[in-house]
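Hello,

Here is the structure we talked about. Please open it first, then read the notes below.

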Amino acid sequence: MKIKQAEFTMSAVQPKQYPADALPEIALAGRSNVGKSSLINKLINRKNLARTSSKPGKTQTINFYRINEDLYFADMPGYGFAKVSKAVRASWGRMTEKYLTSRETLRGVIQVIDLRHPPTKDDKQMYDWLKHFGIPTIVVATKQDKIAKGKRAKHLKQVRDGLNIHGEDPLVAFSSETGEGKEELWSAILRFLEK
Ligand code: GTP
Ligand code: MG
């Protein structure tokens, strides 16, 4: 994908704040701090358009990034983050659940997993939930740069088996540090936009 224009357009906490121009949308889901916002930046060749942090809990609203006149990425708060209050976590859950279950322009979700570790209980729950609602999913195993090349296949299998990934869902190994996996991920995204 040639990125001619990429801009942050809005933050939403409720449906009336979602974009009104009906472009297809791809949402990012994953544990807090796993690298969702970094992944968006890498895909669109921008250093810090989506705000990132070494501390979990950076993204707190649904943030929409318009790419050309082609699509939006919807960056979402992470799940499984213990350091915000129960009430805040619950409100993030309601906000993302509402978006994922009701958004007509949503074409699919990129679920981001840390390649270094087996999927957590929260990761599994999220994947099963997406499948329950029939939402097309690309699983991205990120932070691949932190794993020695010889061990990557084993870690990737751990992700595939841990989530029990459905046959039709792509699994892409990725790194926001090096850009590995970027072309493969764009191809998978474009297939979702064609459907
Ligand atoms: P929340 O918004 O808090 O849910 O986090 P997030 O999932 O958006 O994570 P974010 O992109 O802010 O990245 C979290 C931390 O991981 C930052 O310190 C990033 O620099 C780092 N990081 C993200 N992706 C990679 C990667 O592929 N490789 C390495 N080495 N570090 C990464
Ligand atoms: Mg983020």
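Predicted model: local features only at pLDDT ≥ 70, side-chain atom pairs only at ≥ 80, totals over all residues.

Residues are numbered from 1 along each chain as its sequence is written, while chains are lettered from A and ligands numbered from 1 in the order in which they are written.

E2 covers residues 25-30 and E5 covers residues 106-114. The two run parallel and are joined by six bridges. Strands pair here if DSSP finds at least two bridges between them. Helices (H or I, at least four residues) and strands (E, at least two) are DSSP runs, numbered from the N terminus.

E2 also pairs with strand E4 (residues 71-75). That pairing is parallel too, over four bridges. Leu28 stands opposite Asp75 in E4.

Is E2 mostly covered or mostly open? It is mostly covered, with six of its six residues buried. Buried means that 20 or more other C-beta atoms lie within 10 Å of the residue's own; exposed means 12 or fewer, partly exposed is in between, and C-beta atoms are placed from the backbone. Glu25, Ala27 and Ala29 point one way from E2. Ile26, Leu28 and Gly30 point the other way.

**The core**

The largest nonpolar core has 41 residues. Such a core is a set of buried Ala, Val, Leu, Ile, Met, Phe, Trp, Tyr and Cys residues joined through C-beta atoms within 7 Å. Which members touch the most others? They are Ala27, Leu28, Ala74 and Val140. E5 supplies the largest share of this core, five residues. In soluble globular proteins, nonpolar side chains tend to be buried together.

**Around ligand 1**

Ligand 1 is surrounded by 24 residues. A residue is in this shell if its C-beta atom, placed from the backbone, lies within 6 Å of the ligand. The closest are Gly35, Ser38, Thr52, Thr59 and Gly78. Helix H1 (residues 36-43) gives the most to the shell, with three residues. By class, the shell has three nonpolar, 15 polar and six charged residues. Ala, Val, Leu, Ile, Met, Phe, Trp, Tyr, Cys and Pro count as nonpolar, Asp, Glu, Lys and Arg as charged, and the others, Gly among them, as polar.

**Two asparagines to look at**

Asn45 has a positive phi of about 60 degrees, although it is not a glycine. Asn45 sits in the loop between H1 and strand E3 (62-67). Asn45 is exposed, with 11 other C-beta atoms within 10 Å.

Asn164 has a positive phi of about 55 degrees, and it is not a glycine either. Its loop runs between helix H4 (152-163) and strand E7 (171-173). Asn164 is exposed, with 11 other C-beta atoms within 10 Å.

**The whole chain**

The protein chain has five helices and seven strands. Its radius of gyration is 15 Å, close to the 16 Å that the globule rule gives for 195 residues, so it is as compact as a globular protein of that length. The radius is taken over C-alpha atoms, and the rule is 2.2 Å times the number of residues to the power 0.38. Of the 195 residues, 37% count as buried.

Best wishes
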